[in-house]
Amino acid sequence: MARPRKPLLSRERIVATALALVDAEGLQTVSTRRLAAELGVSGPSLYNHFRTKDEILDAVADTVVAQVDLSMFDDGTPWPDALVRWARSYRAALAAHPHIVPFLAQGPGRRPAGLRLADAVFGGMVAAGWPPAHATRIGAMMRYFVAGSALGSFARGFVDDPTAYDPADYPHLGQAHLLPEHQRRVDEGAFEAGLRALVDGLALQYERLR
């Protein structure tokens with residue numbers, strides 16, 4: 001009986017394996033040697049598909065960004081609602097892969113999905129009547145906010161030990177030890193509150209520009 005053939009090495013398989021490694025162990029664990037071992041191939045064979053490790057990480061980052069819904073900028077959705085829908089989709093994509101966020105935060109570079117995202121947001125704001133300079137700032141501001149919210153958990157930043165927050169030292173943190181227990185509600189609530197505040201503030205600016 002013939003032995004089963006190993007799956008052919010492809011860009012898609014390399015990227016999927018790299019993303020799984022980033023998700024499980026973080027960016028610092030990704031190397032061509034480690035990836036080759038995970039894929040069961042020799043290191044040089046990766047260079048048939050990618051020239052450098054950074055090219056692999058670029059492809060991983062773009063795979064994550066490609067999951068973000070951009071349709072609201074083309075379907076006639078009013079710009080405030082479009083920003084809200086897009087930000088939620090963007091955060092969901094990043095929150096599913098938080099270890100790649102520091103790499104993504106460097107900007108889209110030449111990554112196609114990242115550039116499509118930037119183009120869609122900028123184009124949507126300009127089409128809605130925002131001056132180009134303002135549209136650029138809106139895209140930057142929203143990226144800072146979404147990436148920051150996906151990078152880590154505010155609630156998990158506190159320990160669940162009430163003795164860690166002596167009222168003599170921290171008179172307003174008497175309930176802080178309860179935050180980790182309600183992580184999702186706290187973090188998602190904070191994101192929604194911040195998103196609403198940003199978009200409402202932009203709406204006031206928009207009216208002043210008319």
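Predicted model: local features only at pLDDT ≥ 70, side-chain atom pairs only at ≥ 80, totals over all residues.
Residues are numbered from 1 along each chain as its sequence is written. Local features need pLDDT of at least 70 and side-chain atom pairs count only at pLDDT 80 or more, while totals for chains, interfaces and linings use all residues; side-chain values use heavy atoms, with hydrogens and water left out.

Let's start at Thr 17, which sits in helix H1, residues 11–25 (helices are DSSP runs of H or I, at least four residues, numbered from the N terminus). Thr 17 counts as buried because its relative accessibility is 19%, the cut-off for buried being under 20% relative accessible area with a 1.4 Å probe, protein chains only. Its side chain reaches back to the backbone oxygen of Arg 13 at 2.9 Å. Setting aside neighbours within four places in sequence, Thr 17 is in contact (heavy atoms within 4.5 Å) with Leu 35, Glu 38 and Leu 39.

An unreviewed UniProt entry annotates residues 31–50 as "DNA-binding region"; such annotations may be inferred rather than shown by experiment. That stretch is 40% helix and 0% strand, with its end C-alpha atoms 12 Å apart.

Now for the core. The largest nonpolar core has 53 residues, and Leu 83, Trp 86 and Leu 94 have the most contacts inside it. Such a core is a set of buried Ala, Val, Leu, Ile, Met, Phe, Trp, Tyr and Cys residues joined through side-chain atoms within 4.5 Å. Elements giving it two or more residues include H1, helix H2 (32–39) and helix H4 (79–95). H4 supplies the largest share, nine residues.

Terms used: Buried < 20%, exposed > 50% of the residue type's maximum accessible area, 1.4 Å probe, protein only. Polar contact = N/O pair within 3.5 Å; in protein donor to acceptor, adjacent residues only side chain to side chain.
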